[in-house]
Every structure is written in C-alpha cells, then in structure tokens.
Amino acid sequence: MYRYTTPTLPVTISDLDFSDVSVFRIAIEQGNVELLKVINADDPSVDAQHKTINVPLTQEETAAFKDGTVDIQARVKLNNDAVLATEKVTLPMRNVLDEVII
C-alpha cells in the first residue's frame, strides 16, 4: 500500500458466516497512529458471497502512516452480541515521491 493514495483493502474472513454479523470494525495501526473503520454488515462494501469486506481509504488516511508496515485486524459483532477478533495481518506501507493531497 502507498501513502497519499486511495486503496481499497479487501479483508477476507473465510471462517465466518456473514449472515450472522451485525458490524465489522477494521483497525489499521502503526505505532501510535490508529485508523478505525466501522462497517455495517449490510453496507455495499461487504461481499458476503466471497466473505470479504472492501475497506476504502482516503489520501488523508494513508498519509497519516509512515514508510514501513501497518497491522490490520478485524473485530466482528454478531447478531447475538458475541464479539470475535481475527488474527493481525501485517502489510507494507510505502512512501511516494509526491506527498501532496490531490
């Protein structure tokens, strides 16, 4: 992933029945910078058939991170009020030459 860009991160949770979910909370963290995306299960970015949440990021959001890596983790609230968490995944965060919001 590159800073100052607008990627859409596909977060796949293959061992979960998406029809049981009320909300997804996707946290992206690097050091003391944390970004939290709260996505309802009926949001158009949720692809229940492929068990994927497509998480869009803005230039401002990716610019907040530095060159290195970021950790991503999902917590999921089910319709019965149970809460689950996924394992953390580490992704590279790369610099760009043009560090301007366009």
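Start with the open sheet: three strands in the order 1-5-4, with antiparallel pairing. Strands here are DSSP runs (E, at least two residues) numbered from the N terminus, and two of them pair if DSSP finds at least two bridges between them. Strand 1 and strand 4 are the edge strands, each pairing on one side only.

A word on ground rules: this is a predicted model, where local features need pLDDT of at least 70 and side-chain atom pairs count only at pLDDT 80 or more, while totals for chains, interfaces and linings use all residues. Residues are numbered from 1 along each chain as its sequence is written, and side-chain values use heavy atoms, with hydrogens and water left out.

Now select strand 1 (8-12) and strand 5 (52-56). These two pair in the antiparallel sense over five bridges. Look across and you'll find Thr8 opposite Pro56, and Leu9 opposite Val55.

Buried means under 20% relative accessible area, exposed over 50%, and partly exposed in between (1.4 Å probe, protein chains only).

Which residues have the most contacts inside the largest nonpolar core? Select Ile13, Leu16, Phe24, Ile28, Ile53 and Val55; the core has 23 residues. Such a core is a set of buried Ala, Val, Leu, Ile, Met, Phe, Trp, Tyr and Cys residues joined through side-chain atoms within 4.5 Å. Strand 6 (68-78) is one of the strands that supply at least two residues of this core, and strand 6 gives the most, with five.

Zoom in on Leu16. Leaving aside neighbours within four places in sequence, Leu16 is in contact (heavy atoms within 4.5 Å) with Val21, Phe24, Lys51, Val76, Leu78 and Leu84.

Rings of Phe, Tyr and Trp (its six-membered ring) pair if their centres lie within 6.5 Å; planes under 30 degrees apart count as stacked, over 60 as edge-to-face and the rest as tilted. That gives one aromatic pair. The Phe18 and Phe24 ring centres are 5.1 Å apart with planes at 45°, so the pair is tilted. Phe18 is buried at 7% relative accessibility, and Phe24 at 0%.

Last stop: Ser45, in the loop between strand 3 (33-40) and strand 4 (46-47). Ser45 is buried, at 16% relative accessibility. Leaving aside neighbours within four places in sequence, Ser45 is in contact with Ile39, Thr52, Ile53 and Asn54.

Technical notes:
Helices (H or I, at least four residues) and strands (E, at least two) are DSSP runs, numbered from the N terminus.
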